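The entries follow the order in which I went through the chain.

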Amino acid sequence: MNTAVGRSTRDPNRMLPDDRPVHDWYRFVLSFPPHLVRHCLDRLGVTPGQTVLDPFCGTGTTVVECKKAAIESVGLERNPMARFASAVKADWSVDSATLADYADEVARRAKSTLAEQGIDDWSDLPLLAEDGSIPASIRTLEPDRFKLLLKNSISPIPLHKTLVTLDMVDRLGDIKMRGCGRLALATGLVRSIGNLKFGPEVGIGRIRDDASVVDIWHTRMRAMTDDLQSLSTCNGAYAKVLQADARQAADVLPPRSIDAVITSPPYPNEKDYTRTTRLESVILGMIKNLKELRALKKEMVRSNTRGVYKADDDDATIRSNTEIARIADEIERRRVAMGKTSGFERAYARVVQLYFGGMAKHFASLRTVLRPGARLAYVVGDQASYLRVMIRTGQILADIARTLGYEVMGIDLFRTRLATATREQLREEVLLLRWPGRPEGKTK
Ligand SMILES: C[S@@+](CC[C@H](N)C(=O)[O-])C[C@H]1O[C@@H](n2cnc3c(N)ncnc32)[C@H](O)[C@@H]1O
């Protein structure tokens, strides 16, 4: 593959302006771009009538792009926020005019409730007492939920306005309109209402003591209705998104139902997807307490040291892989030599083993759901960040897949990035596989 995939020349990972409709309703900062999905559809020879799976569906780039191309698709995603976003983005059956009326009414009522409390949506902190304390009438989350938020990720007044708006979103319209309303609020929270910044990891940026919420939400709703209106003549294709663990794909998908896989799985880069989505997940009530957060982390492929547990055993499946053992040993050797002793540093070698073990389980589980001859595209990147040990993710996943009976069609280069720590070029690649099927009766 050429590094310049599609029409984008400067940064191939950047979404093209024409692709904004629907994709932009809610998106991870580093989601792969829609034109890369189109490229993969082409590369794998997918045609209407076939079914595409994205087992790590994230914010739904694959399913939305398949729908635009009239190709049926299924997504699996374990994070409830990302699953919800993908499901809303994959459903274009909402009538745009009715949705616009709903949005107008929600905005009108939310503003009038705030006005009764003496709050203007664009106000400049009229409610703060002289000592800066927050009046008791300002709403907040119950303590168990509040403590899940990253510290200072949202200020009290914007949180109050958000909860008032959310009440109206949930009170009016039908379930689909509320879904659109909640998603618009989620994106508003991440981009303009809260204090988050992405660089690309989530952190706390400028603290906004106040922010417009209702108007921000309303603007996002208008963009959604415009997109739905412009797509109203497009047939789309059936798309569904299940909340499921990709390591257990065979539990939720029928045998031999998938013709192609296009996905960007996590990789061992310390990214914690439950953290990236924490603000909106907690405010929308998708994670209510620490117990639920832990349960969620346990069903995700291990890719960061905050999500590793004593009983984890995904690494059992890759014990005989000498390259993974070599990388884990090298990380551990450098850690000890450098006298690094924090919990994070001690856990890193194990994360790498658990990660590849989890991916091995995923590849194994997919085998029954793939049609013989199915083709697969995995967009993955090299890692060199921690203790400067290079991890050639695509190459290792290719070896794992081969041992499980897949054919490796190739590894295409998508783009390269310079690793600041090592000054080495890190490759982002598309690993291409083929599932040949197996002799009848053979299940293992
Ligand atoms: C690199 S992101 C995918 C981004 C996606 N291509 C998009 O368009 O937004 C990887 C996703 O895998 C999800 N994930 C991690 N472990 C999972 C598992 N065991 N089953 C399903 N999804 C999982 C994460 O929540 C995250 O959304």
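Which backbone oxygen does the side chain of Thr 276 reach? I found that the side chain of Thr 276 comes to 3.1 Å from the backbone oxygen of Asp 272; a polar contact is a pair of N or O atoms within 3.5 Å, where within protein one must be able to donate a hydrogen and the other to accept it, and residues adjacent in sequence count only if both atoms are side-chain atoms.

Before going on I noted that this is a predicted model, in which local features need pLDDT of at least 70 and side-chain atom pairs count only at pLDDT 80 or more, while totals for chains, interfaces and linings use all residues. Residues are numbered from 1 along each chain as its sequence is written, and side-chain values use heavy atoms, with hydrogens and water left out.

**Entry: Thr 276**

I placed Thr 276 in helix α11, residues 273-276, where helices (H or I, at least four residues) and strands (E, at least two) are DSSP runs numbered from the N terminus. Thr 276 counts as buried because its relative accessibility is 9%, buried meaning under 20% relative accessible area, exposed over 50% and partly exposed in between, with a 1.4 Å probe and protein chains only. Leaving aside neighbours within four places in sequence, I listed Phe 198, Val 202 and Lys 271 as in contact with Thr 276, contact meaning heavy atoms within 4.5 Å.

**Entry: the ligand**

I then turned to the ligand, which has 23 residues around it, with Ser 31, Thr 59, Thr 61, Glu 77 and Ala 246 coming nearest; a residue is near a molecule or strand if one of its heavy atoms lies within 4 Å of it. That shell divides into 12 nonpolar, 7 polar and 4 charged residues, with Ala, Val, Leu, Ile, Met, Phe, Trp, Tyr, Cys and Pro counted as nonpolar, Asp, Glu, Lys and Arg as charged, and the others, Gly among them, as polar.

A nitrogen atom of the ligand lies 2.8 Å from a polar side-chain atom of Asp 245, and a backbone N or O atom of Ala 244 is 3.5 Å from a nitrogen atom of the ligand. Taken alone the ligand exposes 600 Å², of which the protein buries 97%; accessible areas come from the Shrake-Rupley method with a 1.4 Å probe, and for residues only the protein chains shown count as cover.

**Entry: Ala 244**

Ala 244 counts as buried because its relative accessibility is 7%. Not counting residues up to four places away in sequence, Ala 244 touches Leu 76, Glu 77, Arg 78 and Val 252.

Which residues have the most contacts inside the largest nonpolar core? That core has 60 residues, and I wrote down Tyr 102, Leu 183, Trp 217 and Met 221 as the answer; a nonpolar core is a set of buried Ala, Val, Leu, Ile, Met, Phe, Trp, Tyr and Cys residues joined through side-chain atoms within 4.5 Å. Among the elements that give two or more residues to this core are α4 (80-89), α5 (96-116) and α9 (214-230), while the largest share, 8 residues, comes from α8. Apart from it lies another core, of 45 residues, including Val 74 and Ile 400.

I looked at α8 itself and found 14 of its 19 residues buried. At the start of α8, a side-chain oxygen of Asp 174 reaches to within 3.1 Å of the backbone nitrogen of Lys 176.

**Entry: α16**

In helix α16 (residues 393-403), I found Thr 393, Gly 394, Ile 396, Leu 397, Ala 398, Ile 400 and Ala 401 buried. The buried residues of α16 pack against α14 (322-337), α15 (343-366), β7 (370-381), β8 (407-418) and β9 (425-435). Just after α16, Gly 405 takes a positive phi of about 105°.

**Entry: loops**

Asn 152, in the loop between α6 and α7, has a phi near 65°, a positive value in a residue other than glycine. I also noted Arg 256, in the loop between α10 (249-252) and β6 (258-263), with phi near 50°. Arg 256 counts as partly exposed because its relative accessibility is 39%.
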